[in-house]
Amino acid sequence: MTASLDGQPLVVGIGGTIGGVSSTERALRIALDAACEQGFRTRMFGGADMARLPLYDPKAPTRTEHEREFVETVRQASALIIASPGYHGSVSGVVKNALDLLEETARDERPYLADMPVGLIATAYGWQATGSTIAALRSIVHAFRGWPTPFAAAINSQITKFDDEGGASDPSVVEQLRLVGRQVARFAPLAGGEA
C-alpha cells in the first residue's frame, strides 16, 4: 500500500462535470467520505480541476502545473474512485481526458493503475447510460491494469436527487456509494506492500 506523506494511505477521486458541482461530484464525495472513515486520506479531482487539464497530447514536451499535480497525486494513491456522468452512453470527455493523462505513468515502477483497487460510479438521467458507462469504466480500468471493485454504483439522476449537505433523496443510493468507498479501502491493503 502506498502511504501519503503523513503516513495515511490515499484514495483519489476523479469525477464530475464542467460548470458547477454536479450529481456526479456529490456521489463521488459520499464514496470518498466512506473511505475516509476507514482511515484513508482523500483527494478529489472534480469538474473544476479536470477543466484545467488541457487535452492530452502524448507528444507534448512539457506538462502544465495542473497536469503534474494530477499525475503525482495518482502516483501516491493506494486506491482510486472514478465517477463519470453517462454522456451519450459512455464516459464523459473530461473524465476520459484526465484518465488519458495517466499515460505519463507508463514507465513508473508501478505503471498506470497496476494492482490498484478502483471503485466505479456512473450517473445518468435514465438507466441505459449508467450500465454502458460502468462497462466502459471497467474496460478502461482493466486497460490500466487496475482492479475494479466488485460493486459499482449506477445512479439514475432522474430519480435520485443530491443535496448540498452530502445526502441524497434515496438512502439506498447513499449506502451504495458508501459501499464503493468501503470496498476500495478494504482492498487497498491487498494491492501492495507496507504502508
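Select F45 and F70 to begin: both residues are buried, a term that denotes under 20% relative accessible area, with exposed meaning over 50% and partly exposed lying in between (1.4 Å probe, protein chains only). The model is a predicted one, in which local features need pLDDT of at least 70 and side-chain atom pairs count only at pLDDT 80 or more, while totals for chains, interfaces and linings use all residues. Residues are numbered from 1 along each chain as its sequence is written, and side-chain values use heavy atoms, with hydrogens and water left out.

**The aromatic pairs**

The structure holds 2 aromatic pairs. Rings of Phe, Tyr and Trp (its six-membered ring) pair if their centres lie within 6.5 Å; planes under 30 degrees apart count as stacked, over 60 as edge-to-face and the rest as tilted.

Keep F45 and F70 selected. Their ring centres are 5.0 Å apart and their planes stand at 80°, so this pair is edge-to-face. F45 belongs to strand β2 (residues 41–45) and F70 to helix α3 (residues 65–76), so that distant parts of the chain, 25 residues apart, are linked. Helices (H or I, at least four residues) and strands (E, at least two) are DSSP runs, numbered from the N terminus.

Next, select Y112 and F144. The centres of these rings lie 5.6 Å apart with planes at 50°, so the pair is tilted. Y112 sits in the loop between α4 (93–100) and β5 (117–124), and F144 in the loop between α5 (128–143) and β6 (147–156); the pair links distant parts of the chain, 32 residues apart. Y112 is buried at a relative accessible area of 16%, and F144 is buried at 10%.

**Helices α1 and α6**

Now select residues 23–37 (α1) and 171–187 (α6). The helix axes come within 7 Å and cross at roughly 45°. Axes are lines fitted to C-alpha atoms, for helices over the stretch in contact, and angles run from 0 to 180 degrees between N-to-C directions.

From α1, the residues include A27, I30 and E37; among their counterparts in α6 are V174, L177 and R182.

**Strand β1**

Finally, select L10, in strand β1 (residues 10–15). L10 is buried, at 0% relative accessibility. Its C-alpha atom is separated by 18 Å from that of A27, 17 residues apart along the chain.

Notes:
Contact = heavy atoms within 4.5 Å.
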